[in-house]
Amino acid sequence: MKRTVLFLFSFLYLSLAFSQVAYEQRLEIELKDGFKSEYILPLGENGFLMRSVSEKKEHLEKEWRYEFFDADLHSRGIQNLKLNKKYLIRDSYTLGAINYSLFLHKKTGDYTLLQLNTKSKKQYLIYGKLGRKHMVKDMKVMGDYVFLNVKARKNAYIQVVDLQEEEAKFIPVKIAGVTQKNIRIERLQLIEESKEVFVFIQAQLNRKTAESWLLKLNERGEKKALINLSKSSGRMLKGASASKTEQGKLIITGTYAQRYGSESEGLFIASYEEEEESYIRFYKFDELDHFFNYLSPKKQAKREKKRQRKASKGKELKSLYRIASHEIRELEDGYLFLGEAYYPTYRTECQTITTTGMDGTTMTTTMTVEEFDGYQYTHAVLAKFDFSGNLSWDRTFKMWPSSKPFKVTCFINVDESDEESINMVFASNHEIISKSILYENGFELRDKQREQIVTAYDGDKTKRSHSRLDYWYDNYYLAFGTQKIKNKVAPEVQRKRRVFFISKVAY
């Protein structure tokens, strides 16, 4: 397997006045080495892991490879794990120098939980069992406990795995008056300050309406409280995220919908004290000053004409979106919300079915089916609220990650060290973009500052790239992904190469 580490140290300034992005090192790994599906798992200043899986199956087994790299992008060893080919990776979680990976058998419901200590280079395996055809949607780790968000055909529950005792218990999620099959766990969130696990729940009442609930667990998975978030408004809250203030208040933000469904009509912010609602405010996307600025002027004009036509008939134009919410940030004079808009994509595949009749004749039928192809992210919305939940200002900007995740995630990295502005950096298309926006009035200090993701050699021309940018440690980020590159100039490199790259980026 051919590998190249380059020390770039060619500082590429995104802004002379405020900040810079510097590509310090780049590691190129030649693909087609017998492994595929490379993915990077940052471990802070401990380095990072590169996970991949063997392309070929030996004796009905697949080999999962975890390679350790230090902060200088040097390989420090490999750990392998062999599992039955029907085991699929369902989720991964990193806590300090330890990575937790959950593998689930797609038929039996058996699972293997890998606990990989990158300092001692030791691995521990815990085995367990869920029901047949049960799906793990999310995994979180707090202390000595692993929390699994499990979806079955007729119910949803939380499974808690005790890492010390290697025992598991399940926590059923029940809402009075709602059947189990109509309850869905939307998200797990860790509240580190109070050592709590928040479980956001959707309970469908009928075809058109649903309620949103919050189940609070302690670090051992014991129930603390169950709160009806829809009690006062009757609206369904979606993509919710919670934060605790210094005064002990619970602030919840996200999006909302009037009717049961997967898309939202606007933003909400709510405040709770002692599990009692202090206020809840709702803002339609159409009420935001700048929400549609991500659209081209032509599309904005077309949308405005459509809105006016509906208004002339006494109707309202509803704008529906899906938003992935970041945790809200408490400021000196209010709260800051950041959300990323996305939509599901599908690909069409042809399937050929051959059947044999009673007389021995065969008949071939070709049919097309739609397969889910990941979520495409389009833009982000930033909004500031005062302590009473009133909207102070909002901003919207484009984003277009080249990778489409199969699980809802957040791509924007936020630097929270600045007391006057929010500083954001993210990968969009083949570029790294940074933005800095003042808390006071939403003024954008840097507009559309961007830089191409650099390659290794002079003369490189990127023909295809799929990349993402994740926070690493201190002021460093990891840019990684696949690139198809042509080079007709440099004699030391092939004219065409397809590589998995990892770049150490300082911001």
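Buried means under 20% relative accessible area, exposed means over 50%, and partly exposed lies in between, with a 1.4 Å probe and protein chains only.

## Basis

This is a predicted model, in which local features need pLDDT of at least 70 and side-chain atom pairs count only at pLDDT 80 or more, while totals for chains, interfaces and linings use all residues. Residues are numbered from 1 along each chain as its sequence is written, and side-chain values use heavy atoms, with hydrogens and water left out.

Helices (DSSP runs of H or I, at least four residues) and strands (runs of E, at least two) are numbered from the N terminus. Helix 1 covers residues 297-312, 16 residues in total. From first C-alpha to last it reaches 23 Å, close to the 22 Å expected; the expected span is 1.5 Å times one less than the number of residues. Glycine 314, with a positive phi near 75°, follows helix 1.

Glutamine 300 lies in helix 1 and is partly exposed, at 29% relative accessibility. Contact means heavy atoms within 4.5 Å. Not counting residues up to four places away in sequence, glutamine 300 touches Phe292, Asn293 and Leu295. Its C-alpha is separated by 36 Å from that of valine 505, 205 residues apart along the chain.

Two strands pair if DSSP finds at least two bridges between them. Strand 5 (residues 61-69) and strand 6 (residues 75-84) run antiparallel and are joined by nine bridges. Tyrosine 66 stands opposite glutamine 79 of strand 6. The two strands form a hairpin with five residues between them, and leucine 73 in the turn has a positive phi of about 70°.

## Aspartate 91

Aspartate 91 belongs to strand 7 (residues 87-95) and is buried, with a relative accessible area of 11%. A polar contact is a pair of N or O atoms within 3.5 Å; within protein, one must be able to donate a hydrogen and the other to accept it, and residues adjacent in sequence count only if both atoms are side-chain atoms. The aspartate 91 side chain makes such a contact with the side chain of lysine 407 at 2.7 Å, and reaches the backbone nitrogen of methionine 139 at 2.9 Å.

## Threonine 396

Threonine 396, in strand 27 (residues 391-398), is buried at 12% relative accessible area. A polar atom of its side chain lies 3.0 Å from the backbone oxygen of histidine 290, and the side chain also reaches the backbone oxygen of phenylalanine 291 at 3.4 Å. Leaving aside neighbours within four places in sequence, the residues in contact with threonine 396 include Tyr294, His379 and Val381.
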